Amino acid sequence: MANEEIEFSHGATILHQGDAGGFFYILLSGAVEIYKDDILLTTMMFPGTIFGEMSDLLGKPRTCTVKAKGQVRLAKIKSLPLEVLLREQPEVVAKIIKTLATRLERTTQMLSDHTKESPMWTVDGKKH
């Protein structure tokens with residue numbers, strides 16, 4: 001599946017926000033930090049975690065910067081059209097779908113937690 005395995009040392013930038021896509025990574029070992037507009041959003045440390053795929057799925061530049069936290073070993077995967085991935089590497093598509101669903105669940109929970117702390121005004125003008 002991997003087109004190539006590569007390593008990064010602590011602090012190395014793996015992806016730059018705003019760059020073009022064309023490939024994504026699977027974390028083999030180590031941990032990576034995800035930054036959006038220079039703000040640390042999260043750390044990914046579980047082997048098998050996919051990152052860098054959103055750019056190609058959305059047809060947009062990279063949405064975040066990713067940096068190595070300690071020594072990191074990655075599988076670099078050349079992006080293919082989704083239809084080709086579905087046909088030739090369905091296990092990768094399944095992993096991408098699970099990854100995106102997990103991120104959505106986490107983001108929804110964070111939004112819910114934030115809303116509890118700072119209630120939003122509703123259409124009827126009442127604060128909930």
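Which residues of the largest nonpolar core touch the most other members? Of its 15 residues, these are Phe-8, Ile-14, Tyr-25, Val-32, Phe-51, Val-66 and Leu-74. The model is predicted, and local features need pLDDT of at least 70, side-chain atom pairs count only at pLDDT 80 or more, and totals for chains, interfaces and linings use all residues. Residues are numbered from 1 along each chain as its sequence is written, and side-chain values use heavy atoms, with hydrogens and water left out.

**Nonpolar cores**

- A nonpolar core is a set of buried Ala, Val, Leu, Ile, Met, Phe, Trp, Tyr and Cys residues joined through side-chain atoms within 4.5 Å; buried means under 20% relative accessible area, exposed over 50%, and partly exposed in between (1.4 Å probe, protein chains only).
- In the largest core, which has 15 residues, two or more residues come from each of strand S1 (4-8), strand S2 (13-15), strand S3 (23-36) and strand S6 (65-78).
- Helices (H or I, at least four residues) and strands (E, at least two) are DSSP runs, numbered from the N terminus.
- Leu-74 is in contact (heavy atoms within 4.5 Å) with Glu-4, Glu-5, Ile-6, Phe-8, Ile-14, Tyr-25, Ile-26, Leu-27, Leu-28 and Phe-51, residues up to four places away in sequence not being counted.

**Strand pairing around S3**

- Two strands pair if DSSP finds at least two bridges between them.
- S3 and S6 run antiparallel and are joined by 11 bridges; in this pairing Ile-26 stands opposite Ala-75 of S6.
- S3 is also joined by 2 bridges to strand S5 (residues 50-51), again in the antiparallel sense, and here Ile-26 stands opposite Ile-50.
- With strand S4 (residues 39-44), S3 forms an antiparallel pairing over 5 bridges, in which Ile-34 faces Thr-42 as its opposite residue.
- The S3 and S4 hairpin has 2 residues between its strands, and Asp-37 in the turn has a positive phi of about 55°.

**Lys-76**

- Lys-76 belongs to strand S6 and counts as partly exposed because its relative accessibility is 23%.
- Lys-76 and Gln-17 are 59 residues apart along the chain, and their C-alpha atoms are separated by 17 Å.

**Pockets**

- On a 1 Å grid over the protein atoms alone, a pocket is an open set of points where a 1.4 Å probe fits, with protein on both sides within 12 Å along at least five of seven lines; lining residues have an atom within 4 Å of a point.
- The largest pocket holds about 520 Å³ of space, a volume being the space filled by probe spheres set on the points, which are joined across faces, edges and corners.
- Of its 19 lining residues, Ile-34, Leu-41, Thr-42, Cys-64 and Arg-103 are the closest to the centre of the largest pocket.
- S4, helix H1 (54-58) and helix H3 (90-117) each supply at least two residues of this lining, and H3 gives the most, with 5 residues.
- The lining of the largest pocket comprises 10 nonpolar, 5 polar and 4 charged residues, where Ala, Val, Leu, Ile, Met, Phe, Trp, Tyr, Cys and Pro count as nonpolar, Asp, Glu, Lys and Arg as charged, and the others, Gly among them, as polar.
- The second largest pocket holds about 250 Å³, and of its 14 lining residues the closest to the centre are Met-44, Phe-46, Thr-49, Thr-102 and Arg-106.
- S4 and H3 are the elements that give two or more residues to the lining of the second largest pocket, and H3 provides the largest share, 6 residues.
- By class, the second largest pocket is lined by 4 nonpolar, 6 polar and 4 charged residues.
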